[in-house]
Structures are given as structure tokens and as C-alpha cells.
Amino acid sequence: MRTGELTVLTGTTKGAFLISGGADRSGWAVEGPFCDGWPINHVIGDAESGTIWAGGGGDWNGAGVWCSQDGGASWKLTKLTKGTIDDWAAQDPDFAAMIGWTDAKLPFADTFTQIWSLCDAHGTLYAGAKPARLLASADKGENFHHVESLSNHPSSGSWNPGAAGLVLHTIVPDPGDPDRLWIGISAAGIFATEDGGKTWERRNRLSNAAACEGHSHPAAPSDGETGHCVHNMMLAPGSGDLLYQQNHHGVWRSSDGGRSWDDINAGLPSTFGFPIRVHPRDPQTIWTFPLNGDAAGRFPPEAAAAVWKSENGGETWEAKREGLPQTACFFTVLRQAMAGDNRDPAGLYFGTNSGSIYASFDEGETWTEIARHLPTILSVEVMDRN
């Protein structure tokens, strides 16, 4: 991985992939799969050091975090929980020898099955798990501890799983304050800490209770709160208090750190979607990828793909379709499968469950396919060594 290179870090159902382009964001090349073909839910990188982390696992592998310090040439696994493979190996010495298995004590036994999200901020590597819990590492992923204050929140007994289970899928740090952190859990909603994780506040309240009216969907807002099945969330640049979320039922904006939320779904073709993206410098420019509905197929409305863009904080929206398939398009873009770079103009990237990655180098106005035929894409992030 060379200086000036931009790499799209991609998590898939069959391992991690690195899609690298030059300083001019061209000449894309695919490397992988890495991480022994594990299902990888999220891949992140540190552009300064070149370190890459990949979190994933499942019932077969157990949960773990992979790390590469040489641009993907080699990987080391920090295994956190056991899977079926460990039970088999413990009972079959020949199988254990074949896969190089050792009876090492795992730090979290069988308490969770997957890592769903990663975040490197202020010297701490965070990991979100399924079932929902937050882990933290002070040594870049060598060792993790359980942030019990979140799991012990008074509301934890009421947390309900979404369609993918009870997952902690979004971790949002405040770049200017290491004590502030937001997390998203499906389907428990948004939680925030302002004291470094000692205490947590549940933040799903609506700014206008009338937004609860006229909705029959079970994930819709009710009781004065947004639906608790948050899909993705992002902090806007600037004040540290402006947040956007794509919920199971609508797109929402908060100007007070999540203490209250405004519905900004008007103008979009549906209330359902997974990712949300905010411009790296303009807090009013956002993008999302609406789908036709949770029970209607979860593909673009009218089977015509479009990234929807707002330049006024969600007051109005415009579909951006150039370069995207406009007929017979049935792919899904999942919650962690849209990312961006910090260049000028800003680049955007999204991956599909049909194995394609699309990129825009003009802030979402036009799109081009830079990779195809990958496994189902679960996450997309960007590491820019410019």
C-alpha cells in the first residue's frame, strides 16, 4: 500500500477485500479474499500507520478481529469467542491437527457470535458485537474488555432483535472529545455517553410528537420516540452536535447530539433504507440509498438505482442516477456499505449485495462501477494515504 494510494476496504460474506486505486482515483485493482474467508462485517483502517482491522465471524468460526500491519500482506487473528469449529476440533484430534487448532482459552467464551462494527478513535479500538455489546481495546486489538456500563443500561431488558438479530452495528466518535461516543443498536435505538463510557443515555426522543401520527408500521415512531431500529448514523463535521440517521422507518436529523430528532424523509421515495453519508466538510450535504420497503423486496424503487442527495440538511432531496442501472436493478445496499473520502471534490463509494462497488468522484453527481463479481458486500470504508 503506497503513499498517495486510496483503498476501498471491503467486508464480504467470504472475507475481506482491498480495492486500490492511484492518487487520481483510477486504475482500480482487487486484492483478496483475506481473513481465511471468514464472514467480515466491517473493515477499517488507519491511514497514518497503514494498519487495517477486520471484524466478523459467525456460528461456525466464532467471533474475532483480524489485523494487518503491512497493507494486507499478512493478518493476525484475535479470536474472542468459540464457534462450532472449536467444538469439532476439541472432539477430533485429526481435524484439530489439520486446521492447526489449539485449545486456547478465549476471553469471552461463547457469549457472542460476531463482531459487527469497528471504530478506532482517540487511542481506543471499539468493537460492536452480536448479540449487542460494546468492546474496547487499549492496545489496538490485542486485548478487549467488555464495556459493561452499556450492557447494564436499565433499558437492556427491553432490547429486541431486528431481522439480523440484536446487533451493535454503528459506533460514532466525537473527533474533538474522547469522552463522547454514540452507538446504534437494532432494535434498541441510539445511546450516547459523554463521560468516556461510565454512563449511557438513550437518545431516541422526537422533537415533534406529531411525527408519531399516521404510522401503522411496527418500526415507525411511537410514544414520542423514533423507531428503535436505527440502521446507520453519522456525525456531521463542525459543531459536534449534528447527527443524521437512517432508520428502519425514515431519515432523521438531530441538532442536539441525539437528544431530539426531526423527520427529514419528505421528498424521498420510501421510508426504508440502510446507509447514510455526510459530506466531510459541509454538514448540510448528505446522501442515502432508499429501498422500496422491508417487505417489498428491499431493492431500489421501480428497480432503478439512485443515490439521493440533499444539500440543505434534508429539507429537499434529488435523485442521482447517472451511471447506475435503471432497469431490472434488484440489489440492496446494506447499512455499512456506503463510505466516502475526504478529497475535493469528495468521493463516495457503495457496495451491493450482488458484489459490485460503485464510486462517484464528483460528490454523487455521476457514478461508475469500479469492482464487480465480489461476494455479498457487507461493509465499505475508505483508507486514503494521500
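Reader: What volume does the largest pocket have?

Author: About 1300 Å³. This is a predicted model, in which local features need pLDDT of at least 70 and side-chain atom pairs pLDDT 80 or more, while totals for chains, interfaces and linings use all residues. Side-chain values use heavy atoms, without hydrogens and water, and residues are numbered from 1 along each chain as its sequence is written.

Reader: What makes a set of points a pocket, and what is its volume?

Author: On a 1 Å grid over the protein atoms alone, a pocket is an open set of points where a 1.4 Å probe fits, with protein on both sides within 12 Å along at least five of seven lines; lining residues have an atom within 4 Å of a point. The points are joined across faces, edges and corners, and the volume is the space filled by probe spheres set on them. Of the 44 residues lining the largest pocket, those closest to its centre are Cys-119, Pro-173, Met-234, Arg-277 and Glu-381.

Reader: Why is Cys-212 called buried?

Author: Buried means under 20% relative accessible area (1.4 Å probe, protein chains only), exposed over 50%, and partly exposed in between. Cys-212 has 18% and therefore counts as buried. Cys-35, at 3%, is buried too.
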